[in-house]
Amino acid sequence: MTEKIRALIIAHREQMAYLVVGCMTTLINYVIFALLTQGIELHYVASNIIAWMAAVAFSYVANGKWVYCSTSHRGWREAGEFVLSRLFSLGLETVLLMLLVDLLTMDKMTAKLLVAVVVVVVNYLTGLLVFKRKKGA
């Protein structure tokens, strides 16, 4: 039984690591968003952008090192590609937040949690494009 569990963990290490890093990134994003919207009452879109920047900085380091085990040169090019891949999710997150908050009059914090689920999946897929390179690329 232990061998089956060990084999399952080894087979799905990347997904499990992404789940942990994704939860930590989401927590960073959510806490900063809450502090800005609830604490200093900054508009939720501005708060979302600032929280996104902090989360992306953490996510780049953590995903490259622990999730995708990137072997490429960790330089400006890779960082730039990662940020560009995440810009799509920033746009998606902001549009979804605006729809939920402004059109459906949902609470900002609840909307942020719901949108986070979509963003985690999108970010995993776009992260694969940045960190999973063919050898020699």
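Which helix does Lys112 lie in? Lys112 sits in helix H5, residues 108-131. This is a predicted model, so local features need pLDDT of at least 70 and side-chain atom pairs count only at pLDDT 80 or more, while totals for chains, interfaces and linings use all residues. Residues are numbered from 1 along each chain as its sequence is written, and side-chain values use heavy atoms, with hydrogens and water left out.

**Overall layout**
- The protein has five helices and zero strands; helices (H or I, at least four residues) and strands (E, at least two) are DSSP runs, numbered from the N terminus.
- Going along the sequence, the pattern reads α-α-α-α-α.
- Of the 137 residues, 38% count as buried, where buried means under 20% relative accessible area, exposed over 50%, and partly exposed in between (1.4 Å probe, protein chains only).
- The protein's accessible surface comes to about 8,500 Å², and 74% of that belongs to carbon and sulfur atoms. Those areas come from the Shrake-Rupley method with a 1.4 Å probe, and for residues only the protein chains shown count as cover.
- Take the contacts (heavy atoms within 4.5 Å) with a separation of 6 or more: residues 24 or more positions apart account for 68% of them.

**The Glu93–Lys112 pair**
- A search of the whole structure turns up one salt bridge, meaning a side-chain nitrogen of Lys or Arg within 4 Å of a carboxyl oxygen of Asp or Glu.
- The side chains of Glu93 and Lys112 meet in a salt bridge at 2.6 Å, N to O.
- This pair ties together distant parts of the chain, with Glu93 in helix H4 (residues 76-103) and Lys112 in helix H5, 19 residues apart.
- Are these two buried or exposed? Glu93 counts as buried because its relative accessible area is 3%, and Lys112 is buried too, with 2%.
- The two side chains also make a polar contact at 2.6 Å; that term covers a pair of N or O atoms within 3.5 Å, where within protein one must be able to donate a hydrogen and the other to accept it, and residues adjacent in sequence count only if both atoms are side-chain atoms.
- Skipping residues up to four places away in sequence, Lys112 touches Asn29, Tyr30, Phe33, Asn48, Glu93 and Leu97.

**Helix H4**
- H4 has 28 residues and reaches 39 Å from its first C-alpha to its last, close to the 40 Å expected at 1.5 Å a residue; the expected span is 1.5 Å times one less than the number of residues.
- Buried residues in H4 include Phe82, Arg86, Leu90, Glu93 and Leu97.
- Just after H4, Thr105 takes a positive phi of about 50°.

**Phe58 in H3**
- Phe58 lies in helix H3 and counts as partly exposed because its relative accessible area is 23%.
- Leaving out neighbours within four places in sequence, Phe58 is in contact with Val21, Met24, Thr25 and Ile28.
- Phe58 and Val21 are 37 residues apart in sequence and 9.1 Å apart in space, C-alpha to C-alpha.

**A nonpolar surface patch**
- Ile40, Leu42, Ile49, Ile50 and Met53 form a nonpolar patch on the surface, with about 420 Å² of accessible area together.
- Patches are built from residues with over 30% relative accessible area and no salt bridge, joining like charges within 9 Å and nonpolar side chains (Val, Leu, Ile, Met, Phe, Trp, Tyr) within 5 Å.
- Ile40 is found in the loop between helix H2 (13-39) and helix H3 (44-67), and it counts as exposed because its relative accessibility is 61%.
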